[in-house]
Amino acid sequence: MPAIVAMLFALAAQAPPAARDPVMGRWSNPKGTLAVETHPCPDGTLCGTIVWASAHAQAAARQAKLPPLVGTRLLHDYRRVGAGHWEGRVFIPDMGRSYASHIQQHSPARLTISQCLLGRFLCKSQVWHRIG
């Protein structure tokens, strides 16, 4: 019996995060200046934290007197509202505010994050790509 348990743990460890939920993993913004790791929040919603920022992005943040980008929670309180679709809040560091947002996952390697000012109106969207 212990051999079976060890084998099950080994198989689970080999499964990529995307096998558990396709939205989980590391994503790059369109310019390739940020990498965000999506993960479950303690309350069960979806969150995303900046895990890497280019030297240029970090310098721009310092110049704007923003807190360090790496470690900033960019995505928070996202709840699944349909297949491949989540609604929550996105934090815009250079504005210092969070806005209503939705994520639409188009494929295992591509998703769109939209920030909206009025519900689903006045939205700005970016296509992010899976990395690593």
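Trainee: Why is Asp-77 called partly exposed in this model?

Mentor: The model is a predicted one. Asp-77 has a relative accessible area of 35%. Buried requires a value under 20% and exposed a value over 50%. The value of 35% lies in between, so Asp-77 is classed as partly exposed.

Trainee: Where does Asp-77 lie, and what is its phi?

Mentor: Asp-77 belongs to strand β4. Its phi is near 60 degrees, a positive value in a residue other than glycine.

Trainee: What makes Lys-65 count as exposed?

Mentor: The relative accessibility of Lys-65 is 74%. Exposed applies to values over 50%, and therefore Lys-65 counts as exposed. This residue is located in the loop between α3 and β4. Phi of Lys-65 is near 60 degrees, which is positive although the residue is not glycine.

Trainee: How do you know that Cys-41 and Cys-47 are joined by a disulfide?

Mentor: Their sulfur atoms are 1.4 Å apart in the predicted model. The rule asks for a pair of cysteine sulfur atoms within 2.5 Å, so the pair qualifies as a disulfide.

Trainee: Why is this disulfide of Cys-41 and Cys-47 called right-handed?

Mentor: The torsion about its S-S bond is about 130 degrees, and for that reason the disulfide is right-handed.

Trainee: Are Cys-41 and Cys-47 buried or exposed?

Mentor: Cys-41 has a relative accessibility of 8%, and Cys-47 has a relative accessible area of 1%. Buried means under 20%, so Cys-41 and Cys-47 are buried.

Trainee: What makes Cys-116 and Cys-123 a disulfide?

Mentor: The S to S distance between Cys-116 and Cys-123 is 2.1 Å. This value is within 2.5 Å, so the pair meets the rule. The torsion about the S-S bond is about 105 degrees, so this disulfide is right-handed.

Trainee: How are Cys-116 and Cys-123 classed by accessibility?

Mentor: Cys-116, with a relative accessible area of 2%, is under 20% and therefore buried. Cys-123, at 35%, falls between 20% and 50% and so counts as partly exposed.

Trainee: How many disulfides does the rule give, and what pattern do they follow?

Mentor: The count comes to 2 disulfides. With bonded cysteines counted along the chain, the pattern is 1-2, 3-4.

Trainee: Which residues have the most contacts inside the largest nonpolar core?

Mentor: They are Leu-75, Tyr-78 and Ile-103, in a core of 22 residues. The elements that give two or more residues to this core are β2 (34-40), β3 (46-53), α3 (55-63), β4 (73-82), β5 (85-92), β6 (97-107) and β7 (110-118).

Trainee: What is Tyr-78 in contact with, leaving aside its neighbours within four places in sequence?

Mentor: Its contacts include Thr-45, Leu-46, Trp-86, Val-90, Ile-103 and Ile-113.

Trainee: How many helices and strands does the protein chain have, and which pattern does it follow?

Mentor: The protein chain has 3 helices and 8 strands. Along the sequence they are arranged as α-α-β-β-β-α-β-β-β-β-β.

Trainee: What can be said of the protein chain as a whole?

Mentor: Of its 132 residues, 36% are buried. The accessible surface comes to about 8,100 Å², and carbon and sulfur atoms account for 63% of this surface. Among contacts with a separation of 6 or more, 32% involve residues 24 or more positions apart.

Technical notes
Residues numbered from 1 in each chain as written. Predicted model: local features only at pLDDT ≥ 70, side-chain atom pairs only at ≥ 80, totals over all residues. Heavy atoms only, no water. Helix = DSSP H or I, 4+ residues; strand = E, 2+ residues; numbered from the N terminus. Buried < 20%, exposed > 50% of the residue type's maximum accessible area, 1.4 Å probe, protein only. Contact = heavy atoms within 4.5 Å. Areas by Shrake-Rupley, 256 points an atom, 1.4 Å probe, with all protein chains shown as cover. Core = buried A, V, L, I, M, F, W, Y, C linked by side-chain atoms within 4.5 Å.
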